[in-house]
Amino acid sequence: MSSWNSRLAALLARENRVIVGITGSPGSGKSALARQIASSIDDAVHVPMDGFHLADAELQRLGRLDRKGAVDTFDAYGYLALLQRIRRGAEVVYAPAFDRDLEQPVAGSIRVEPTARLIVTEGNYLLDDDEPWPRVRHTLDEVWFVDCAPDELRRRLVARHVEFGKSPEQAQAWVRDIDEPNADRIERVRHKADLVI
């Protein structure tokens with residue numbers, strides 16, 4: 001049995017609704033793990049933080065488009081408000097998704113029923129120290145950190161950027177200048193995770 005499986009079973013035995021956060025560096029496999037967990041449990045929903053990327057037009061206005069994915073390129077307070085509504089479980093909540101082909105958030109894409117027992121959310125900054133991330137962490141029952149070797153992260157990220165339209169040179173530069181500094185920030189708080197996978 002996987003390290004998370006028995007832990008999740010224990011959480012679900014104690015609580016009516018469980019919200020588990022999956023965090024780790026870009027390219028670590030957070031989304032794949034979150035989808036795997038959500039698909040393995042009845043009444044589970046995957047709600048990615050990526051739906052709270054600011055739109056490119058807003059990033060352009062703010063002068064941040066060239067570092068999309070950094071901590072200040074998300075609507076963190078919007079994400080917090082969504083998690084607080086999900087935590088209350090009083091009504092149907094519609095969460096945004098992120099379309100990789102468009103590289104844009106898509107509002108109202110994920111339906112979370114009040115009866116959903118497990119919510120699996122994932123994102124880079126769930127353990128970050130800056131506001132509002134400590135409050136985000138407070139809405140989650142546990143946060144699990146996905147570990148991945150730096151060379152494998154780099155390989156995956158370059159391949160992802162090439163797949164979505166960058167040249168190999170542009171992809172390598174983006175990984176070096178944007179993704180790796182973000183990963184350093186994320187790695188600094190991994191000790192706060194409840195489980196490392």
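A pocket, on a 1 Å grid over the protein atoms alone, is an open set of points with protein on both sides within 12 Å along at least five of seven lines, whereas a cavity is a set of points where a 1.4 Å probe fits but cannot get out; lining residues have an atom within 4 Å of a point. The structure to be explored is a predicted model, in which local features need pLDDT of at least 70 and side-chain atom pairs count only at pLDDT 80 or more, while totals for chains, interfaces and linings use all residues. Residues are numbered from 1 along each chain as its sequence is written, and side-chain values use heavy atoms, with hydrogens and water left out.

**First stop: the largest pocket**

The space here amounts to about 880 Å³, a volume being the space filled by probe spheres set on the grid points, which are joined across faces, edges and corners. Next, colour the elements α2 (30-40), β2 (44-48), β3 (93-99), α6 (150-163) and α7 (168-187), each of which supplies at least two residues of this lining. Helices (H or I, at least four residues) and strands (E, at least two) are DSSP runs, numbered from the N terminus. Colouring by class shows 11 nonpolar, 11 polar and 12 charged residues in the lining of the largest pocket. In this scheme Ala, Val, Leu, Ile, Met, Phe, Trp, Tyr, Cys and Pro count as nonpolar, Asp, Glu, Lys and Arg as charged, and the others, Gly among them, as polar.

**Second stop: the second largest pocket**

The second largest pocket holds about 170 Å³ of space. Select P150, L153, E180, A183 and D184, the closest to its centre among the 13 residues that line it. Both α6 and α7 supply at least two residues of this lining, and α7 gives the most, with 5 residues. The lining of the second largest pocket divides into 6 nonpolar, 1 polar and 6 charged residues.

Now select residues 18-24, which form strand β1; 7 of its 7 residues are buried. Buried means under 20% relative accessible area, exposed over 50%, and partly exposed in between, computed with a 1.4 Å probe on protein chains only. V18, V20, I22 and G24 point one way from β1, and I19, G21 and T23 point the other way.

Two strands pair if DSSP finds at least two bridges between them. To inspect the pairings, show G21 opposite T121 in β5, then I22 opposite W144 in β6.

The structure holds 1 cavity of 30 Å³ or more, and the volume of the largest cavity is about 40 Å³. Select T23, N124, Y125, L127, D128, R185, I186 and V189 to display its lining. By class, this lining has 4 nonpolar, 2 polar and 2 charged residues.

**Fifth stop: salt bridges**

A salt bridge is a side-chain nitrogen of Lys or Arg within 4 Å of a carboxyl oxygen of Asp or Glu, and by this rule the count comes to 20. Begin with D129 and K192, whose side chains meet at 2.5 Å, N to O. D129 lies in the loop between β5 and α5 (133-139) and K192 in the loop between α7 and β7 (195-196), so this pair ties together parts that are 63 residues apart in sequence. D129 is exposed, at 51% relative accessible area, while K192 is partly exposed, at 33%.

Move on to R137 and D194, which form a salt bridge with their closest N and O atoms 2.8 Å apart. Because R137 lies in helix α5 and D194 in the loop between α7 and β7, the pair ties together parts that are 57 residues apart in sequence.

Then select D147 and R190, another salt bridge, at 3.1 Å, N to O. D147 is in the loop between β6 and α6 and R190 in the loop between α7 and β7, so parts that are 43 residues apart in sequence are tied together.
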